[in-house]
Amino acid sequence: MTEPRDFANITQLLSPARLWRNTTAVNYELAPAWLPWSAVDPDVIAFDWDDEESCQITTVIATMVPPVGTGWEERHRFTTEVTALLAARYGRWACGWHWAVGEGGGGGVVTSWCCDSHSVGESAATATRVIASLLEWRDWLEELAERFAQLAPPDGADAEDRSWHLERAATRLVTVVVDRTGAESGWYGLCRTVLTWFLSSTGMGPETAKNAVDTAIGGRFESWATPSQTLVDAVGTDLAVDLTGEAPYRDR
């Protein structure tokens, strides 16, 4: 199991210049949608959490919150600095803590956070929201890991059997994402990431997995539009056929 870097004194992470350099809008190292499964897999990345850790990190984050009424630049700066702090403390997986549902959150899955404008306020309350969002994101990753293990094709499966498992996995994972996001703005981005992570968890290379998912979805998912079951099934079938060369059988 991979251990996150140990920092004896968490306040050493709080140099504003250092944090601002390390996380920006174009820093793909800290963009959750671009992380490989190997960087977020909770089965191999430890996350030690207890009341003492919660108290310490909440206190530190509270000191970082800008004054109430500050402009969007400072609120955005706060969010990016917190992202760098959490990623340095626990691992890059933590950068998804504010990938929230809807337009303000970028089409993610977190509900404890909304956006900089609505979620950054009084220091104690803001810090509490950050921690709740971090734990919610970790729970989501752990849920995905369990689902991936349950849905993965068995070792030694032939092409037809593998095709059936891949179609089944794709349709179920798309459905889960739709349910959790309400198919709000940008939900399909999270869907692409989840499917890519699933394929990666089966041993496929991340670039190959991403290309396969992009081809299968093909721009057919849209914001604010719940896909029909026919469309979800078609995406699952296309993914399975593309990866195995075999159509999934229907007798299960």
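In this predicted model, Trp224 lies in the loop between α9 and α10 (229-244). Its phi is near 60°, a positive value in a residue other than glycine. Trp224 counts as exposed because its relative accessibility is 58%, over the 50% cut-off. A positive phi, of about 55°, also occurs at Ala183, again not a glycine. Ala183 is found in the loop between α7 (159-181) and α8. The relative accessibility of Ala183 is 1%, so this residue counts as buried.

Helix α3 spans residues 51-64 and has 14 residues. From its first C-alpha to its last, α3 reaches 20 Å. This is close to the 20 Å expected at 1.5 Å a residue. Buried residues in α3 are Glu53, Ile57, Val60, Ile61 and Met64. They lie on the same side of α3 because they cover an arc of only 100° around the axis. On the other side of the helix, Asp51, Glu52, Cys55 and Thr63 are exposed. At the start of α3, Asp50 contributes a side-chain oxygen. This oxygen comes to within 3.2 Å of the backbone nitrogen of Glu52.

Cys191, at 1% relative accessibility, counts as buried. A disulfide is a covalent bond between the sulfur atoms of two cysteines. With a cut-off of 2.5 Å between cysteine sulfur atoms, the count comes to 0 disulfides.

Ala125 is found in helix α6, which covers residues 123-151. Its relative accessibility is 30%, so Ala125 counts as partly exposed. Ala125 and Ala62 are 63 residues apart in sequence. In space, their C-alpha atoms are 8.3 Å apart.

Attention then turned to open space in the model. Rolling a probe the size of a water molecule over the atoms shows where empty space is left. The second largest pocket holds about 350 Å³ of space. This pocket is lined by 16 residues. Those closest to its centre are Ala33, Trp34, Thr193, Thr196 and Lys210. Of the elements, α8 gives the most to the lining of the second largest pocket, with 6 residues.

How values were computed: Residues are numbered from 1 along each chain as its sequence is written. This is a predicted model: local features need pLDDT of at least 70, side-chain atom pairs count only at pLDDT 80 or more; totals for chains, interfaces and linings use all residues. Side-chain values use heavy atoms; hydrogens and water are left out. Helices (H or I, at least four residues) and strands (E, at least two) are DSSP runs, numbered from the N terminus. The expected span of a helix is 1.5 Å times one less than its number of residues. Buried means under 20% relative accessible area, exposed over 50%, partly exposed in between (1.4 Å probe, protein chains only). The arc is that of the directions from the helix axis to the C-beta atoms. A polar contact is a pair of N or O atoms within 3.5 Å; within protein, one must be able to donate a hydrogen and the other to accept it, and residues adjacent in sequence count only if both atoms are side-chain atoms. On a 1 Å grid over the protein atoms alone, a cavity is a set of points where a 1.4 Å probe fits but cannot get out, and a pocket is an open set with protein on both sides within 12 Å along at least five of seven lines; lining residues have an atom within 4 Å of a point. Grid points are joined across faces, edges and corners, and a volume is the space filled by probe spheres set on the points.
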